[in-house]
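Q: Could you walk me through part of this structure, starting with how one of the helices begins?

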Amino acid sequence: MIKLVALDMDGTLLDSKKQLPGDFIPWVKKHDELKIVIASGRQYYTLEKDFETIRDELVFIADNGALVFAKGEIIYKDPMKKEAVKKSLDIVKQINTEYKEKTGDKEDLAYAIACGVKCAYYTTTDEEVKNNTFMYYVRKEWIESFDKLPDDDIVKVAIFFKGKQAEANLAKITALVEKETVAPVLSGVSWIDIANAGINKGSAVKQIQKTYGITAKESMAFGDYLNDYDLLAAVEESYAMANGHEKIKEMAKHQTASNDEDGVMKILRNL
């Protein structure tokens with residue numbers, strides 16, 4: 001008997017046009033016996049806006065597991081230490097310095113967003129980066145420098161790579177971070193997120209399972225990218241999308257159709 005259903009957003013529940021399946025919200029309303037979890041790298045306030053009409057019927061894992069919200073309230077958070085935030089931001093500077101020296105390019109390759117509980121903070125004026133940032137962060141604030149971060153709990157440093165170069169730079173970032181305190185995760189073709197080590201969608205869903213007395217055997221999850229790996233590992237019934245990363249398809253118990261072929265709803269309608 002399934003009691004919890006956890007769903008990644010981009011590449012999973014949403015199609016390539018970033019649209020929800022037409023019958024998802026009605027399906028949620030019909031199944032108040034289930035704990036339905038939206039598990040995303042997105043900011044909570046973006047998710048809250050996306051699901052405004054059913055917000056209180058869902059649990060939200062935001063920022064890849066660093067924050068969990070229910071009925072508009074934080075039920076779990078894991079902020080980074082200030083030294084870890086600074087180290088992560090310095091890594092972005094180092095990557096850009098090495099990139100410019102190697103290529104002679106005057107433009108940065110990587111751009112950081114400091115993701116707080118209250119707001120997301122960015123320093124760039126680059127339109128491409130801003131457009132991609134604004135897609136995922138509704139509450140955001142431009143600041144002159146990361147040395148002037150407002151008083152907020154930073155839970156994640158998101159890094160946007162131009163030219164979809166995130167995966168190509170993952171090994172470099174992994175080598176640079178202090179593994180005992182923080183860890184990077186590939187969350188899209190253009191994004192790498194750095195958060196506290198051990199913090200991910202899987203650790204967050206385990207907190208939810210513990211809070212509501214639900215076991216892994218009673219849980220189902222859907223995902224497509226590497227930041228969904230731990231989420232799928234935390235449940236008995238794991239589903240990889242046909243459009244997913246090969247490593248996700250290899251580890252998941254099941255596979256469903258792609259996000260553009262209604263893959264999630266094809267399973268949920270028959271749950």
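A: At the start of helix 7, a side-chain oxygen of Asn 200 comes to within 2.9 Å of the backbone nitrogen of Gly 202. Helices are DSSP runs of H or I with at least four residues, strands are E runs of at least two, and both are numbered from the N terminus. This is a predicted model, in which local features need pLDDT of at least 70 and side-chain atom pairs count only at pLDDT 80 or more, while totals for chains, interfaces and linings use all residues. Residues are numbered from 1 along each chain as its sequence is written, and side-chain values use heavy atoms, with hydrogens and water left out.

Q: Which residues of helix 7 are buried?
A: Lys 201, Gly 202, Ser 203, Ala 204, Val 205, Ile 208 and Gln 209 are buried, where buried means under 20% relative accessible area, exposed over 50% and partly exposed in between, with a 1.4 Å probe and protein chains only.

Q: And what covers them?
A: The cover includes strand 1 (4–8), strand 12 (219–223) and helix 8 (229–233), among others.

Q: What comes just after helix 7?
A: Gly 213 is found there, with a positive phi of about 65 degrees.

Q: New topic: where is Glu 237, and is it buried or exposed?
A: Glu 237 lies in strand 13 (residues 237–241), and Glu 237 is buried, since its relative accessible area is 19%.

Q: Which side chains does its side chain make a polar contact with?
A: The side chain of Glu 237 makes one with the side chain of Lys 253 at 2.9 Å and another with the side chain of His 254 at 2.6 Å. A polar contact is a pair of N or O atoms within 3.5 Å; within protein, one must be able to donate a hydrogen and the other to accept it, and residues adjacent in sequence count only if both atoms are side-chain atoms.

Technical notes:
Contact = heavy atoms within 4.5 Å.
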